[in-house]
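Please look through the structure below.

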Amino acid sequence: MDLHILEHRLKVTSLSKAGLERYTHGLIKLVFLRDRTRCKFFCLTEMPNDYTLVLDEEGFKELPRTDFLQVVEATWLALNVVSNGHSSTGSQTVGVTKIAKSVIAPLAQHKVSVLMLSTYQTDFILVRESDLPAVIHTLSEEFSIYREVNGESVAVTSTDVSNGFLKSKNGFSPTLHPVLSPKNLFCVMSLDPDTLPTIATTLMDVMFYSTSVKWESADQDLDHIHFFSFSLIDGYISIVVDTQTQKRFPSNLLLTSASAELWRMVRIGGQPLGFDECGIVAQISEPLADADISAYYISTFNFDHALVNNNGNLRSERKGR
């Protein structure tokens with residue numbers, strides 16, 4: 001298998017809902033006016049109290065700097081595992097549970113903290129740019145590693161980063177975090193970018209006015225949790241919504257897998273997890289890999305979220321995998 005280091009240089013941010021009105025112009029531009037921005041990597045994930053925005057440096061320029069926006073100081077790089085070919089475009093991608101033992105666990109052992117972003121199309125592993133030498137050193141025996149430079153894939157070896165700082169493999173003792181599994185179910189969908197104008201009103205309503213929606217259960221902490229994720233990455237759209245919100249979109253425009261699976265969420269963390277702890281993703285993905293259960297995994301500014309098939313013991317494959 002090949003590991004691709006993509007060209008995107010990413011910022012991870014949290015936007016307080018109290019300051020949303022100052023950011024709607026920039027967010028609308030990033031979502032609906034692709035020809036007016038050079039942003040190629042954009043992901044918005046809404047939680048009850050804030051939005052996590054993961055976006056490249058061009059997209060980050062569209063966000064005003066205010067006290068409502070928290071920004072992780074580090075720059076992050078996106079990694080993508082493909083199973084054949086030397087190009088990250090058009091190759092068969094590999095699910096998050098399939099790379100649990102070959103990528104996520106070794107990085108945790110070498111004390112490299114990662115974030116995960118699963119989409120309808122693929123899975124991205126986010127690592128700090130400063131950790132790249134350790135990443136290459138750790139994974140070079142298992143993978144052929146390529147770095148995208150001006151649209152071309154250039155082979156990388158561990159000797160290319162031999163002068164970089166390498167973290168020692170002393171093992172890690174993961175902290176056991178509490179988990180929450182709300183009762184509402186989720187759908188993972190895609191959409192032809194050309195049809196975005198057709199659902200613009202609905203999408204903006206879901207993104208910006210979710211607090212006006214009355215939930216069937218008042219106890220959101222135990223029964224239902226509001227979670228919405230929209231990503232537009234290299235021209236591909238991925239949407240994660242609960243089944244209640246899905247009904248607001250025209251079904252004829254949404255792309256789902258052939259079996260139209262429903263997914264149960266597991267939220268990891270009772271308190272904000274931070275960005276320095278290693279092994280959080282591995283704790284969840286390795287047991288799922290052992291059970292041969294495919295999963296989506298979305299890291300946000302404060303918590304991590306795994307989506308597993310609602311049938312539990314059924315192994316599901318994403319369309320295009």
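**Rings, helices and a covered strand**

Phe-275 and Phe-301 are both buried, where buried means under 20% relative accessible area, exposed over 50% and partly exposed in between, with a 1.4 Å probe and protein chains only. The model is predicted, so local features need pLDDT of at least 70 and side-chain atom pairs count only at pLDDT 80 or more, while totals for chains, interfaces and linings use all residues. Residues are numbered from 1 along each chain as its sequence is written, and side-chain values use heavy atoms, with hydrogens and water left out.

A pair of aromatic rings is described by the distance of the centres and the angle of the planes. Rings of Phe, Tyr and Trp (its six-membered ring) pair if their centres lie within 6.5 Å; planes under 30 degrees apart count as stacked, over 60 as edge-to-face and the rest as tilted. Across the whole structure, 5 aromatic pairs are found. Phe-275 is in the loop between β15 (263–268) and α7 (280–290), and Phe-301 is in the loop between β16 (295–299) and β17 (304–309), so the pair ties together parts that are 26 residues apart in sequence. Helices (H or I, at least four residues) and strands (E, at least two) are DSSP runs, numbered from the N terminus. Ring pairs also bring in Trp-76, which forms a cluster with Phe-275 and Phe-301.

The helix α7 has Ile-280, Val-281, Ala-282, Ile-284, Ser-285 and Leu-288 as its buried residues. Their cover includes α3 (100–109), β6 (114–118), β15, β16 and β17, where contact means heavy atoms within 4.5 Å. After α7 comes Asp-292, with a positive phi near 60 degrees.

The helix α3 is itself mostly covered, with 7 of its 10 residues buried. These are Ala-100, Ser-102, Val-103, Ile-104, Ala-105, Leu-107 and Ala-108. Among the elements that cover them are β5 (76–82), β6, β7 (123–128), α4 (132–139) and α7. Lys-111, which follows α3, has a positive phi near 60 degrees.

What encloses β7? In β7, 6 of the 6 residues are buried, so this strand is largely enclosed by the rest of the structure. In a regular strand the side chains alternate between the two faces of the sheet. In β7, Asp-123, Ile-125 and Val-127 point one way, Phe-124, Leu-126 and Arg-128 point the other way, and all are buried.

Two strands pair if DSSP finds at least two bridges between them. β7 pairs with β5 in the antiparallel sense over 4 bridges, and Trp-76 stands opposite Arg-128 of β7. With β6, the pairing is antiparallel over 5 bridges, and Met-116 has Ile-125 in β7 as its bridge partner. β6 and β7 are joined by a hairpin through 4 residues.

Some charged side chains sit over rings, which requires NZ of Lys or CZ of Arg within 6 Å of the ring centre and within 35 degrees of the ring normal. The charged end of Arg-65 is over the ring of Phe-60, 3.9 Å from its centre. The charged end of Lys-17 is over the ring of Tyr-51, 5.6 Å from its centre.

Cys-187 counts as buried at 4% relative accessibility, and Cys-278 is buried with a relative accessible area of 15%. A disulfide is a pair of cysteine sulfur atoms within 2.5 Å, and by this rule the count is 0 disulfides.
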